[in-house]
Amino acid sequence: MASTVIGAGITVEGEITTDEDVVVAGTVRGKLSAKEGVTIEHGATVEADVAGGSLVVAGALTGNVTASERVDMQSGSRVIGNVKAARVTIADGAQFKGNVDMDV
Amino acid sequence: MAANASIIGRTTRIRGRVSGAVDLEVQGFVDGEIAVGGDVTIDTHGMVGAGVQGKRLVVRGAVKGDLLGSEAVLLEDGARVVGDVRAPRVVIAPGALVRGFVDTGDAGMPAPRASRSTAAARPAAAPAHAPARAAAPPPKAEAPAAKAAHKPAPPAHLAGGGNHAPAPSPSVPRRPPPPVVPALKKAKGQIAKKKER
């Protein structure tokens with residue numbers, strides 16, 4: 001259970017900083033930094049640089065992503081930006097344009 | 001349901017604007033304006049550093065900014081608000097701390113409220129005079145005026161304060177009518193001065 005939820009219909013313009021899980025179902029513009037999991041749900045729009053522990057994307061994300069653990073782009077997601085994480089997965093049906101930087 | 005319920009968690013800090021058409025719950029820190037079409041709850045641990053707009057605002061945390069509720073603003077125990085509060089319904093529960101202007105926006109209200117509060121202020125002021133009067137004679141001039149105002153007051157209370165507003169103005173030379181807060185301040189000031197004398 002995420003303790004911070006940006007629900008559908010909510011727009012945050014600015015900077016979000018948190019130590020807990022974040023679920024975005026609405027819109028975030030600016031910057032999003034979390035220490036735990038970040039979930040960008042289907043239908044959500046994020047135009048921000050995102051930092052987190054692990055990131056799951058099912059919606060639209062424009063911005064650079066840095067995750068300490070992993071980034072999973074699910075089917076139907078749309079990601080534009082550079083992704084830096086220990087592990088990155090791109091599911092079949094995900095749209096992605098950008099650099100991938102894994103610890104090789 | 002998670003899609004509709006928006007929560008800014010306890011360790012979350014937002015610097016910027018939060019807007020939308022749905023409900024929002026703030027348990028963390030928002031340093032920026034909140035403007036939503038739904039209800040806003042600012043929890044015990046929630047802090048907002050700017051104005052909040054919504055349908056129904058429930059505050060148990062801290063707000064430094066204006067609260068604007070299209071329906072109601074409920075300031076509950078633990079609320080700390082520095083800023084103006086505007087809504088058709090404003091509730092300030094015991095334990096809530098507010099510093100700012102409160103406006104419930106009903107156009108007809110100010111006049112009757114002023115007369116009621118002056119009437120209420122009189123009995124409160126009268127006992128305060130009593131010890132001062134014993135010490136210093138000058139207040140006599142004020143004392144009858146207070147009595148005069150005091151006399152018509154009780155029947156008005158029994159009959160209902162509404163019609164009472166114009167009645168005291170001929171007997172008392174226009175001191176009470178001006179706005180609530182200044183009138184109270186004046187009265188306090190006068191008392192203080194008399195005590196000094």
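**Close-up views of a predicted two-chain model**

**View 1. The surroundings of Val24(A).** Leaving aside residues up to four places away in sequence, Val24(A) touches Ile6(A), Thr39(A), Ile40(A), Glu41(A), Ala44(A) and Val46(A). Please keep in mind as you look around that this is a predicted model. Which residues touch the most other members of the largest nonpolar core? They are Val24(A), Leu32(A), Val46(A) and Val59(B), in a core of 57 residues. The element that gives the most to this core is strand E6 of chain A, residues 45–57, with 6 residues. As background, nonpolar side chains tend to be buried together in soluble globular proteins.

View 2. Chain A has 104 residues, of which 41% count as buried. Among the contacts in chain A with a separation of 6 or more, 2% are accounted for by residues 24 or more positions apart.

**View 3. Where chain A meets chain B.** Here 22 residues of chain A are in contact with 23 residues of chain B. On the chain A side, strand E1 (4–6) and strand E2 (10–18) each supply at least two of the residues that touch chain B. E2(A) gives the most to this side, with 9 residues. If you like to sort by residue class, the side of chain A that touches chain B has 8 nonpolar, 10 polar and 4 charged residues.

**View 4. Strand pairing across the two chains.** Let us stay with E2(A) and look at its partner in chain B. E2(A) is joined by 8 bridges to strand E2 of chain B, residues 13–20, and the two strands run antiparallel. Which residue of E2(B) does Glu13(A) stand opposite? The residue facing Glu13(A) is Arg17(B).

**View 5. Thr104(B) in a loop of chain B.** The last stop is Thr104(B), found in the loop between strand E15 (102–103) and helix H1 (110–135) of chain B. Why does Thr104(B) count as partly exposed? Thr104(B) has 15 other C-beta atoms within 10 Å, whereas a buried residue needs 20 or more and an exposed one has 12 or fewer. Thr104(B) and Ala72(B) lie 32 residues apart in sequence, and their C-alpha atoms are 8.9 Å apart in space.

How values were computed
Residues are numbered from 1 along each chain as its sequence is written. Chains are lettered from A and ligands numbered from 1 in the order in which they are written. This is a predicted model: local features need pLDDT of at least 70, side-chain atom pairs count only at pLDDT 80 or more; totals for chains, interfaces and linings use all residues. Two residues are in contact if their C-beta atoms, placed from the backbone, lie within 7 Å. Helices (H or I, at least four residues) and strands (E, at least two) are DSSP runs, numbered from the N terminus. Ala, Val, Leu, Ile, Met, Phe, Trp, Tyr, Cys and Pro count as nonpolar, Asp, Glu, Lys and Arg as charged, and the others, Gly among them, as polar. Two strands pair if DSSP finds at least two bridges between them. A nonpolar core is a set of buried Ala, Val, Leu, Ile, Met, Phe, Trp, Tyr and Cys residues joined through C-beta atoms within 7 Å.
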